[in-house]
Amino acid sequence: MDLHTTQQTWSRVDDYFADSLVGNDPVLDMVLRSSAEHGLPAIHVAPTQGKLLNLLVRLHGSQRILEIGTLAGYSTIWLARALGSGGTLVSLEGSRLHAELARQNIESAGLSELVQVMEGAAVDSLDLLIDQGAQPFDFVFIDADKENNDVYLERVLKLLRPGAVIIGDNVVRKGGVADPDNNEADVQGVRRFIKRMAEDSRLDSTAIQTVGVKGWDGFSISIYQPGKSDE
Ligand code: SAH
Ligand code: DHB
Ligand code: MG
C-alpha cells in the first residue's frame, strides 16, 4: 500500500473507534472549530488519544496535573475532566493568543475552577513553580516544543510526588527518532529526553508507537519512583 492509502486506512480505523467509543462532544467540537478559526495549527491530540489521557488520569487517581503545551486547551479539557472536584491542572503555554483562547475554551467547558493556564516560556514557568515550592504534581503531560523535552523533564523531576506519571507526546515522529539520518532539532530533543529518562534510576519507562489521524507517532510513559537513596 502506498503512504496515502495507509494514512486513509489509519484514519478510517481511528474514526471508527472515535465514533464508537469516544462519541460526539459539542464542547470539544467547538474548541476545535474556534482553534481553526483563529488560525492555530491542528496539532492537538486525536480524540482517541484525548480519551486515553482521560482514562489514564482516572486509572491513576491523579489529583494534580501539569501540562506543558496548552494550544487551544483540547488536551487540557480531556485531562481536567478526569479530575475530581478537588483536583487541579496547571497548563503552560508560551503564546499569548493560544493561552487566551484556551482560557475561553476552558471556561466554556465549565472547568475554569480547576484549570490555570500559565503564560510564558515553559522553562520559566517551571522554574517559577519550583521557586514557589508548588505542591507536587502526580500527572504530567509534556507536549510543547520537542527540542526542549529533556530540559522540561529535568525541571519536572523537581515538581513530582512519588508515584507520579509522566507522558511525553510525539516521541516517534514518523520513525525519525530511530533514523540515524534524521538530525532535526525536535528529533534530537526527543532523543535527549529518552536518554535522560533511561539514565534516571527514579524513572521506569516505556514508549509506544501509534498510528491514526495524526499519522505515525507515539507516547512515552514513565513512573517516578524515587528509592530511599534518591530522596
Ligand atoms: N497539548 C495540546 C497541543 C499542544 S501544541 C493538545 O493536544 O491539545 C504545542 C503548544 O506548545 C503550542 O501551543 C505552542 O505555542 C506551545 N509552545 C511551544 N514552545 C513553547 C515554549 N517554549 N514554552 C511554552 N509553550 C510553548
Ligand atoms: C506537532 C506537534 C505536536 O504536539 C503534535 O502532537 C503533532 C505535531 C508539530 O509541531 O508538528
Ligand atoms: Mg503533541
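This briefing walks through a predicted protein model with its ligands and metal ion. Local features are given where pLDDT is at least 70 and side-chain atom pairs only at pLDDT 80 or more, while totals for chains, interfaces and linings use all residues. Residues are numbered from 1 along each chain as its sequence is written, chains are lettered from A and ligands numbered from 1 in the order in which they are written, and side-chain values use heavy atoms, with hydrogens and water left out.

**The whole protein**

- Let's start with the parts list: the protein has eight helices and seven strands. Both kinds are DSSP runs numbered from the N terminus, with helices (H or I) needing at least four residues and strands (E) at least two.
- The C-alpha trace spans about 50 × 45 × 30 Å along its principal axes.
- How does the radius of gyration fit a compact globule? The protein has 17 Å, and a compact globule with 231 residues would have a value near 17 Å, so the two agree. This radius is taken over C-alpha atoms, and the globule rule is 2.2 Å times the number of residues to the power 0.38.
- Of the 231 residues, 47% count as buried. Buried means under 20% relative accessible area, exposed means over 50%, and partly exposed is in between (1.4 Å probe, protein chains only).
- Accessible areas come from the Shrake-Rupley method with a 1.4 Å probe, and for residues only the protein chains shown count as cover.

**The magnesium ion (ligand 3)**

- Which residues hold the magnesium ion? D143 (OD), D169 (OD) and N170 (OD1) coordinate the ion at 2.0 to 2.2 Å.
- Donors here are N, O and S atoms within 2.8 Å of the metal (3.2 Å for Na, K and Ca), and sites may look incomplete because water is not among the atoms.
- Along the sequence, the donor residues are spaced D-x25-D-N.
- D169 is buried at 3% relative accessible area, and N170 counts as buried too, at 7%.

**Ligand 1**

- There are 21 residues around ligand 1, and G69, S75, E93, H98 and D143 come nearest. A residue counts as near if one of its heavy atoms lies within 4 Å.
- Ligand 1 has 590 Å² of accessible area on its own, and the protein covers 85% of it.

**Ligand 2**

- I43, D143, K146, D169, N170, R173 and K214 surround ligand 2.
- The magnesium donor D143 turns up here as well: an N or O atom in its side chain is 2.7 Å from an oxygen atom of ligand 2.
- An N or O atom in the side chain of K146 lies 3.1 Å from an oxygen atom of the ligand.
- The protein covers 68% of the 290 Å² that ligand 2 has as accessible area on its own.

- S62 sits in the loop between α3 (47–60) and β1 (64–68). Is S62 buried or exposed? S62 is buried, with a relative accessible area of 2%.
- The side chains of S62 and H60 make a polar contact of 2.7 Å. A polar contact is a pair of N or O atoms within 3.5 Å; within protein, one must be able to donate a hydrogen and the other to accept it, and residues adjacent in sequence count only if both atoms are side-chain atoms.
- Leaving out residues up to four places away in sequence, S62 touches V57, L83, D138 and F139.
- L111 is in the loop between α5 (96–108) and β3 (115–119), and L111 is buried at 8%.
- L111 and I77 are 34 residues apart in sequence, yet their C-alpha atoms are 7.6 Å apart in space.
- R161 belongs to strand β5 (residues 160–169) and is partly exposed, at 32% relative accessible area.
- Among the residues that R161 touches, beyond four places away in sequence, are H60, P136 and Y224.

Technical notes
Contact means heavy atoms within 4.5 Å.
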